[in-house]
Amino acid sequence: RPGEFMQDPPPEVIRARAGNAPAPGPGQPGHPVPEPRPRRHKTVEDGLVHCTAEFRSDLYWGELGLPTDEALKAFRKAEDTEEPVERAAVRKQAFTSLDVGLESMGNIEHKGIFLHEAAVMSISKDTLRLDGSTLASPLAEPGSPEYMQLRRSLLEQEQRELEERQAAAAARREKRLRQQMPFGKPAKAYEWVESADALEMSVTVLVPPLTEKSDVTVKVDKDTLRVSVEGHPREPYVLDGWFPYDVDAAGCTWHLEGDGAEQGARKLVLNIEKDDYADWGPHGLFLQPEEEDTAGSVEATGEENTAPAEADHDAPNFED
């Protein structure tokens, strides 16, 4: 109408009138779904091989391929190793080499080169840190949903490992506190039973109520004996001395007896086999100081004998 204030219609109305309606947005009907980008490296091994080849193909930065190649070789060796302790040591060496390579990449990051390779090395390290991962594990693309899931899994694993370490430390503290239950120094260091007509003799030592096999160390040779028990008031050695006669170290065993819940009920029993029917009675279990002076020519052989462990029993653990 004449004189009436006119306003422009909204932009969407103008586009609709012109037959130029806006395209549907993501998630709306008719919006095209982009095809997933193909992986550049399918596995961790593929990624590390690519990094090594890429570095060595550069005349100036070729030395960057050395730590990556060493890490790759070490990871392959670890996967072929069956012994757990050795495998862990080799994997540790491999991660060290990978860390050296990543540190070198960090030093040249400002140059804007090898950025993709640095990302591949970092993601490979995170992948291999996961329990059960191998060089054949899939390698996630940077920024992909798989990479985000990898980071979450790694954080969850680190949290579990932290909780396990804290629980183990708490258990050690509790064990130490329980071992410090009142346990005075026994009137006798040990009780000894020996007969001239028997080859075997026994030595009994009172130990703290909660003593376990791992707390006891027994070292025996043909003419010496040394025993230590963690938490015992006679530390560092409960027994330590020279035998008046030789013993058969291969026939010596020890075990723990008694309920650890009662004071004075836990005992360490050593069964020592004499080498012959010599009468130890006049001397006792150990030579006295004046007898040791006269036996100065007696020397330990240095031979070592470790008795085999037995399941579900306080097994022999003699060593020299």
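Start by selecting α4 (84-107): this helix has 24 residues and reaches 35 Å from its first C-alpha to its last, close to the 34 Å expected at 1.5 Å a residue. That expected span is 1.5 Å times one less than the number of residues. Helices (H or I, at least four residues) and strands (E, at least two) are DSSP runs, numbered from the N terminus.

Before moving on, a word about what is on your screen: this is a predicted model, in which local features need pLDDT of at least 70 and side-chain atom pairs count only at pLDDT 80 or more, while totals for chains, interfaces and linings use all residues. Residues are numbered from 1 along each chain as its sequence is written, and side-chain values use heavy atoms, with hydrogens and water left out.

**Along α4**

Stay with the helix and show side chains. V90, A94, F95, S97, L98, G101 and M105 are buried in α4, where buried means under 20% relative accessible area, exposed over 50% and partly exposed in between (1.4 Å probe, protein chains only). An α-helix has 3.6 residues a turn, so residues three or four places apart point the same way. Now bring up α2 (44-56), α3 (65-79) and α5, which are among what covers the buried residues of α4. At the start of α4, zoom in on E83: one of its side-chain oxygens comes to within 3.0 Å of the backbone nitrogen of V85.

**Into the core**

Next, select F55, L64, F75, M105, F114 and L135. Of the 28 residues in the largest nonpolar core, these touch the most other members. The elements giving two or more residues to this core are α2, α3, α4, α5 and α6 (145-179). Such a core is a set of buried Ala, Val, Leu, Ile, Met, Phe, Trp, Tyr and Cys residues joined through side-chain atoms within 4.5 Å.

Which residues does L64 touch? Leaving aside residues up to four places away in sequence, L64 touches F55, S104, M105, I108 and F114, contact meaning heavy atoms within 4.5 Å.

F114 has a positive phi of about 55 degrees although it is not a glycine. Most residues other than glycine have a negative phi. Is F114 buried or exposed? At 12% relative accessibility, F114 counts as buried.

**Across to the sheet**

Now jump to β7 (residues 267-273), a mostly covered strand with 5 of its 7 residues buried. β7 belongs to an open sheet of 4 strands in the order β1-β2-β7-β6, with antiparallel pairing; two strands pair if DSSP finds at least two bridges between them. The edge strands, β1 (191-193) and β6, each pair on one side only. Direction ignored, neighbouring strands of this sheet are turned by 20 degrees against each other on average.

Select L268 and look to both partner strands:

- β2 (residues 200-206) is joined to β7 by 7 bridges, and V205 has L268 as its bridge partner.
- β6 (residues 253-257) is joined to β7 by 5 bridges, and L256 also has L268 as its bridge partner.

Elsewhere on β7, I272 stands opposite M201.

**Last stops**

Select K219 in strand β3 (residues 216-220). K219 is partly exposed, with a relative accessible area of 36%. Draw a distance to D240, 21 residues apart from K219 along the chain: their C-alpha atoms are separated by 9.5 Å.

Finish at P236, in the loop between β4 (224-229) and β5 (239-242). A cis peptide bond joins E235 and P236, with omega about 10 degrees.

Terms used: Polar contact = N/O pair within 3.5 Å; in protein donor to acceptor, adjacent residues only side chain to side chain. Axes fitted to C-alpha atoms, helices over the stretch in contact; angles between N-to-C directions.
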